[in-house]
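Trainee: I would like to learn how to read a model of this kind, feature by feature. Can we go through one together?

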Amino acid sequence: MSYVINFWLEQVRVCVRFVCMIFLEKVAILGAGLLGASLAKALKEKGVVGEVSVWSRSESTRNKCAQLNSVFNYVCNTPQKAVENADMVVLCTPTQNIPELAREIAGSLKDNAILTDVGSVKSKICAECTEALKDCNAVFVGSHPMAGSEKIGVDYSEATLFENRPCFVVGNEQSPQVEKVSQMWESVGMKTYIVSASEHDCIVSRVSHLPHLLAGTLCVVSSQFPKDLRKYVGPGFRDTTRVASGSPDIWDSIIADNKTEILLALKDYVNSLNELIMQIGSDDKASIALRLRLAKTFRDGLV
């Protein structure tokens, strides 16, 4: 009974937040890749934004955005032009470019504008972006939607990308700016979690960064086998290594910026792997079976 009551209380809470949601007159998207373009499409489709402006470093991407005139009201040649009069600005560039972009646009943000991002590391980004806005009347709130694909670019963008996915929002849940950023992500179907920057980096090192590195390592080990194994693989190998197809370029800065937490996660994994090696070597079938049962229970419990 308590489960049912809690479930319906949560539904009421979400409905109230949507009813009370403040309509965003203008959102600026800086970086029209998979995430940026998908967010623009979702916001327009859900009807929670009036106008969307966009900027991309790539001229070819800007040209593609210009063809999506039902999504983007303004396609701008500079980030400063794109953020003019925007209530919300979302930095959707690669992680290493986010702080510098925040510094570039700081003087062009309107009073009380909210700046957020989609970067997968938060401690460094939040510190540097907050510093970038210290001389203007705008606020930075870090966020990280756990959505994406190994495919990149505006061509693969879709309005449904964020539905039923988790999103981290960094800050104090009593802050009206944090509340508004949370509302924006919830409006496109995400479940938001308000955390500190350090807590975020600890969590994603284990649920995002570690899996990517392990998938890549599995591919490297398999590629070094004397025979070409690719023609023999089935769906299990493909599913396990899917994320290894992501762009290597964006991971340099992610690993550098979250080095401490990634190393801790890797050491935990190595310790567990060494235990498995000893269990197999000693024919400890009971321990192996327990490990596999625990793994299945965890995996089956994913929502």
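This is a predicted model: local features need pLDDT of at least 70, side-chain atom pairs count only at pLDDT 80 or more; totals for chains, interfaces and linings use all residues.

Trainee: How many helices and strands does the chain have?

Mentor: Helices (H or I, at least four residues) and strands (E, at least two) are DSSP runs, numbered from the N terminus. The chain has 12 helices and 9 strands. Its radius of gyration, taken over C-alpha atoms, is 21 Å, close to the 19 Å from the globule rule (2.2 Å times the number of residues to the power 0.38) for 303 residues, so the chain is as compact as a globular protein of that length. Along the principal axes, the C-alpha atoms fill a box of roughly 65 × 55 × 35 Å.

Trainee: What share of the residues counts as buried?

Mentor: Buried means under 20% relative accessible area, exposed means over 50%, and partly exposed lies in between (1.4 Å probe, protein chains only). Of the 303 residues of the chain, 39% count as buried. The accessible surface, from the Shrake-Rupley method with a 1.4 Å probe, comes to about 16900 Å², and 56% of it belongs to carbon and sulfur atoms. As for contacts (heavy atoms within 4.5 Å), 74% of those between residues at least 6 apart in sequence join residues at least 24 apart.

Trainee: Which residues are buried in helix H3?

Mentor: The general idea first: an α-helix has 3.6 residues a turn, so residues three or four places apart point the same way. In H3 (residues 59-67), the buried residues are Thr61, Arg62 and Cys65. They cover an arc of only 100° around the axis, judged by the directions from the helix axis to the C-beta atoms, and are therefore on the same side of H3. The exposed residues Glu59 and Gln67 are on the face turned away from that buried side. The cover over the buried residues of H3 includes strand E2 (49-55) and strand E3 (74-76).

Trainee: Where is Leu133 found, and is Leu133 buried or exposed?

Mentor: Leu133 is in the loop between helix H6 (123-132) and strand E6 (139-140). With 4% relative accessibility, Leu133 counts as buried. Neighbours within four places in sequence aside, Leu133 is in contact with Ala102, Ala106, Leu109, Leu115, Ala138, Val139 and Phe140. Leu133 and Ala102 are 31 residues apart in sequence, yet their C-alpha atoms are 7.6 Å apart in space.

Trainee: How many disulfides does a search of the whole structure find?

Mentor: A disulfide is a covalent bond between the sulfur atoms of two cysteines. Here the test is a pair of cysteine sulfur atoms within 2.5 Å, and the search of the whole structure finds 0. For Cys65, the closest cysteine sulfur is that of Cys76 at 10 Å, too far for a bond. Cys129 is in no disulfide either, the nearest cysteine sulfur being that of Cys126, 7.3 Å away. Both residues count as buried, Cys65 at 1% relative accessibility and Cys129 at 0%.

Trainee: What is the count of salt bridges?

Mentor: Side chains of opposite charge can pair when their charged atoms come close. With a salt bridge taken as a side-chain nitrogen of Lys or Arg within 4 Å of a carboxyl oxygen of Asp or Glu, the count comes to 14.

Trainee: Which parts does the salt bridge of Glu163 and Lys46 tie together?

Mentor: Glu163 and Lys46 meet at 3.9 Å, N to O. Glu163 lies in the loop between strand E7 (143-145) and strand E8 (166-170) and Lys46 in helix H2 (residues 34-46), so the pair ties together parts 117 residues apart in sequence. Glu163 is partly exposed at 30%, as is Lys46 at 38%.

Trainee: Which helices hold Arg206 and Glu261?

Mentor: The salt bridge between Arg206 and Glu261 has an N to O distance of 3.5 Å. Arg206 lies in helix H8 (residues 197-223) and Glu261 in helix H11 (residues 259-281), so this pair ties together parts 55 residues apart in sequence. Arg206 is partly exposed at 31%, whereas Glu261 is buried at 19%.

Trainee: Which residues are linked in a network of salt bridges?

Mentor: Glu100, Arg103 and Glu128 are linked in such a network.

How values were computed
Residues are numbered from 1 along each chain as its sequence is written. Side-chain values use heavy atoms; hydrogens and water are left out.
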